[in-house]
Structure formats: structure tokens, C-alpha cells
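Subject: Structure handover

Hello,

Here is the structure I promised to pass on. Please open it alongside this note.

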Amino acid sequence: MKKFLEANTYFWQGNGACAEAALAAGCRFFAGYPITPANEIAEYLSKRLPQVGGIAIQMEDELASIGAVVGASWTGNKAMTATSGPGFDLMQETIGWAFMTETPCVIVDVQRAGPSTGQATKCGQGDVMQSRWGTHGDYSAIALSPNSVQEMFELTIKAFNLAEKYRTPVVLLADEVIAHMRERIILPSQESIEIINRRKPKPNEKAFFGLEEVPPMPSVGEGFNAAVTGSTHNEYGIRFTADPTVHKQLVERLNSKIQNHAEEIADMETYNTDDCQIGIVSFGCTSRAIYEAVENAEAKGIKTGYIRLKTIWPFPEKAIKQLAETAKKIIVPEMNLRQIFYEVQRVASRFTEVVPLNKIGGGELITPEELFRKIQESVKNG
Amino acid sequence: MGEPFSIRKYLRPIPLPFCPGCGGLTVMSEFLRAIHESGHENLSKFVFCSGIGCSSWIPSPHFIADSVHTLHGRSIPVATGIKLLRPDLNVVVFGGDGDIVGIGLSHFIHAARRNIDILVIMVNNMIYGMTGGQVAPTTPFKTKTTTTPYGSFEHPLDAARLAVTAGASYVARWTTAHPNELKKSMKSAIEMKGFRFIEAVSQCPTAFGRRVGFKDAREMLKWFKENAVQIEQAKKLSEEDLAEKIVVGEFVQKQRPTLVETIYNVIGEAQKNIEKS
């Protein structure tokens, strides 16, 4: 057996695809704590990581897991953790620390129905805002939303690439349905996968926290004498906890280094967005209903288009605005009580009406039939 | 012997943040003396992790070294992640009592259980000093603090004994009134593998001493000296006799498989098996 699986067609579970993708992306450290419905990622990596010379360790809680991941990243290795809502809650403070210290890492949040312990084995999409605003203070987040086993693979690799490129934590915002379902996946060859690695400093460089939009990142033990801190610091990592200018410069750069590249980061699947009567904005498991619903609507002569978000954060405002300028109404189906809806409304309400379609409880998906009915209703109500 | 000891060699030329009379400075200088006497001319083979609290500022950013200043209580997991991927580096954690055995207690116990190869130096000032003198898990019974104005109604934790129970390879406790012994323990610990824990009972004249009636740091050091009991002697005394005392000395020094050893064994086996299949 080789280190990496051969390019071929497989029948896999979403969580397994995510774990194998982590290896392909170059991840060599995983730390996690048991939680449904993310466990398969930890189990898979506990077997596979040592085979490629990496480390998988179960820590005493989620705080320790994300702490070890951030520590591992400062050794120059790619590192990841996987969890679900309650564990994602516990990680938030350290995720904030990773934002502030500009540490690349990947956090997989396999969403289940919250709040609190909620319905541990049932699907939900209630962590959308948490993946954007989970930790305190001002920062800009990147979150990706897969809707198939194939995308669990592809977007995990993308998550590592974005983390390395922008020196930031990236959330893979999966959900129970996508993580646990099994379907066909076409695995590319290792050589054909684009891998991005963080930029390293030149021997005499000293500014690891400023001067450039995304500064170079040293590793510990390389002689750079890096001073890393989550407190406000200047470009050399020295604490300035009372200086308004240093704080403003740092926090604004942490935001702009993501926001200035929002369009470049934005990734989505679109259909008929420039010529539709009804538009749909969807993501994750819910978006699997749009294909059949659109087909049915078109059979009835309703011109329907959609945007399926693969990147939720930064929010792809430009694409949503274009859809809003075309569609008479935009429907936003999601398994929560209006989290992406308000984002779409924020961008689109000047141009068009935005209609929510929400379903929570018992992990039941929004069906194509329900979405089709909403499309018909929206046309009728005019 | 090489050059004479100069503390400046290891420190960035920026002002230190400690109050006059702070015991943290003794811990800092004894540690750097131990580094010097162990033959390290610089700190290039070390990584320092610390959390939040006055003593976390001992290494960060003052040591000319890689220093990772983490969150309150989380220095040990971060140090664990670093050590596992860079087993060649000496990973040293500095933290206060609140950081290590208050908010971060679970990590402390599990790190000792795993026997992860890091050295944890806990500066125990028996108070939350940075935030203004609130009661800590190490504050002596009946002590008046800003959040126990009638005296603490809780009993303090014995971190050194806990570390022994949890499986640490090396445990020692001294006070800042025992700088030489502290330095010797640091030297021993630097050269060992596994989880090593040194507790330095330290004076905080600003947020502790001042409020409980000590005139200055010197009075507090006198109190440490008078109340310190060597561990061999303590074995002969009853719990009641030891209630107000500080037991000092080396609590344990032993060899058992460390996490770095066991985890890299697993990696070796897994890679051998995959090559065979």
C-alpha cells in the first residue's frame, strides 16, 4: 500500500473523505475530542496519520485540542481538529487567539441540531453565524460549506490552502447529513491536487506580524526568535496593550487581509442567475434539494436560478447583488431560523424581496417538494 | 567554565513589567542562571510557552527565544502540540498558580499522566496578582483577599503532590527564599525527559503581602524561610503540624516512558506495516 490512495472512484462517507483530504493537503497533526457527528474524522486520522509520519492525539477536551493544533502549526506543520456545535463553542477563545496570532489551521465543524446538546445525532445548520462571529472582537472569518462527499474532499483541501495563503484559521462548516452519507467520490491523483504552503521569512526578516498584508510566518526552532502573542502586538510581536494606533493597525489588517480578497475567495455553483424570475440561495445539505425543485419549476414554465454557496464567509456580496438585480424574489432555504436569510436580505433587499424557508427539528431535510411549493407560492403572490 | 553569567545575554533590551519586590524576577534570573550553568550560551534550543498572568511575562517577550504567549490556562496544550512535532526542542512552560492549577488544571493533570516531555515552572504567588488580588486555588485558608473580604473559606490545592500522583517524572518545590536550590532543581529538570514540574512559591508584595500585613518583600521571604519544611522532615510530621507550612524539596525523580517515546514508537510501527502491505 502506498501513502496516498490511488486516483480512482470510491464509495465513501463524508467524514472519511474529509480525513483523507486532510492527508492529501499535507496535514500532519490532528487533535480532537470525541463528539457526534464528527468522530469518524478522528478515528480515520488516528489510523492514517501515523502511516504518513503524522500524529493524531485525543486530548482531554476541545480547549486542549485546538490549543495543540495551534501549537503544532507554529512548528511549520499543517494541523486540524474536528468537532460539532458544543465542542466548537469550547474552541472559540483559542480560535480568536489563532486569528490574532495569524496561525493557519483548519477547524471542521460537523453541524448538529443546537442550541446546547440539542439533538446530537440530527442534522442542523445553526452554526452559520458562530463560524463568523464565534469569538469576541473584530475579525474576518473564512468558512466553507460542502454539499457532497466529493466536496468534503475538495473543500477540505481548499480550507488548508486558504488557511496557509491568508495565515488564518478556516472553518469547514459541514453538517451531519453530508458527513455521514455515503456516495461516489472521484479521487484525483495526488500530483494533480494544488497545494498551497505558507510563505516563510527570509533569514534576516523580523516582521512576522505586519508591514505586509499577509506577513511571512516563521516556525519555532528555526532561529527567528519569534514572539507570538494574542495580546495586541506590533509587527515584531512585541506587546502594546495600551497603544491605540498599534491596536487599530493590527485589527484593521486582520480584517482587510480577508475582506480585500472576498471576491477571490468566493466559490459557488450558479445556474441561470442572470435570467430568472425566482432565485434561490442555498448551501450545505439543504442545497441538495434545489436541483429537483428547479427542474420541476422549469417544467411549469417558471424561470428559476440559484446560487449554491461553497464559501459562506466572507459573504459573496457581489454575486448575491447580481442575482437580486435579476430575480423578482429570492428564496433562502436553510435548516435554522434565518441565519443566511438575513445576510441575503442585507445585500438584496434594496433590489428584490427575500423569502425565508426554514425547517428545524429531528434532522429532517427540506425536501425538493417543499422548495418547489415555495417557488410556486412566491410566483403566485407576485 | 565559559564566560561568566550575564543575564542580559538572554534578554531583549526592553523594560521588565514587574512590580518592585516581585518574586517573578528571582524565578527569571535563577532559570537563566540554570540555563547558563547547563552550558547553553543562548536559547536557540528552547521554545517557551506561557499563559496569562504576571509570571507568563517572564519569557514573553523578554527571552531572546521563540516565545508563544497563549491564552489563560492553555499553555500546556500548546506546548504539547509543539513538543510532539519538534521533539528535538526543549519546551518550557512558565505560568502562575491561577494559570496552571486554576483555569488550566485539567491540562496539567493530563500532561503529567501522558508524561509529555515538557518542563512546567509554576510561580505560585497564592493570588491572582495581575487582576488585583483575588482569591486563588492556592490561597491559604482564611486569607483576606479582594474577593474573600472575610477570609478565604476554601482550602488550597497542593500542586506538587498532585503532579506526583498524576505521574510526573520530576517534581520539586522551592520558594524564592531558596534561590540556589531552585536553580539546582531547574538544572536537573532541564536535562531530564518526561513531564517535569517545578513549583516556585513566590512573593507578591503588591496584591498579597500588602493586604495580609507584610511590610515588604523581605518580610515575605522571611515568612517563606521560617515556614519551609524539607520534604524528608515533613514525612515525620502530621497533617496538622504541616497545615501552615510549605513543604520544599524534590518530591519525585523517576524514569518512565514519555509521550514522545511512545507516540513515535506508534508512528514507526504504522509506517513499517504500511510498507509491508
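Below is what was found, starting with how to read the model.

This is a predicted model, in which local features need pLDDT of at least 70, side-chain atom pairs count only at pLDDT 80 or more, and totals for chains, interfaces and linings use all residues. Residues are numbered from 1 along each chain as its sequence is written, while chains are lettered from A and ligands numbered from 1 in the order in which they are written.

Confidence: pLDDT is the predictor's confidence in each residue, from 0 to 100. Chain B has a mean pLDDT of 97, and 99% of its residues reach 70 or more. For the complex, the predictor gives an ipTM of 0.97 and a pTM of 0.97.

Where the chains meet: 37 residues of chain A and 33 residues of chain B take part in the contact (C-beta atoms, placed from the backbone, within 7 Å). On the chain A side, α3(A) gives the most, with eight residues. Helices (H or I, at least four residues) and strands (E, at least two) are DSSP runs, numbered from the N terminus. By class, the chain A side has 19 nonpolar, 14 polar and four charged residues. Here Ala, Val, Leu, Ile, Met, Phe, Trp, Tyr, Cys and Pro count as nonpolar, Asp, Glu, Lys and Arg as charged, and the others, Gly among them, as polar.

Strands also link the two chains. β10(A) and β2(B) (residues 66–69) run parallel, joined by three bridges. Strands pair if DSSP finds at least two bridges between them. In this pairing, V228(A) stands opposite V68(B).

Within chain A: five strands form an open sheet with mixed pairing, in the order β11-β13-β12-β15-β16. β11 (268–271) and β16 (353–358) are the edge strands. Neighbouring strands are turned by 15 degrees on average, direction ignored. Six bridges join β15(A) to β16(A), and these strands run parallel. There, K329(A) stands opposite E353(A).

α11(A) (residues 317–326) runs at about 165 degrees to β13(A). α13(A) (residues 368–380) runs at about 155 degrees to β15(A). Axes are lines fitted to C-alpha atoms, for helices over the stretch in contact, and angles run from 0 to 180 degrees between N-to-C directions.

Within chain B: the axes of α2(B) (residues 75–85) and α4(B) (residues 105–114) come within 8 Å and cross at roughly 35 degrees. I76(B), P77(B) and T80(B) of α2(B) make the contact with H107(B), F108(B) and A111(B) of α4(B).

Best wishes

Technical notes:
Two residues are in contact if their C-beta atoms, placed from the backbone, lie within 7 Å.
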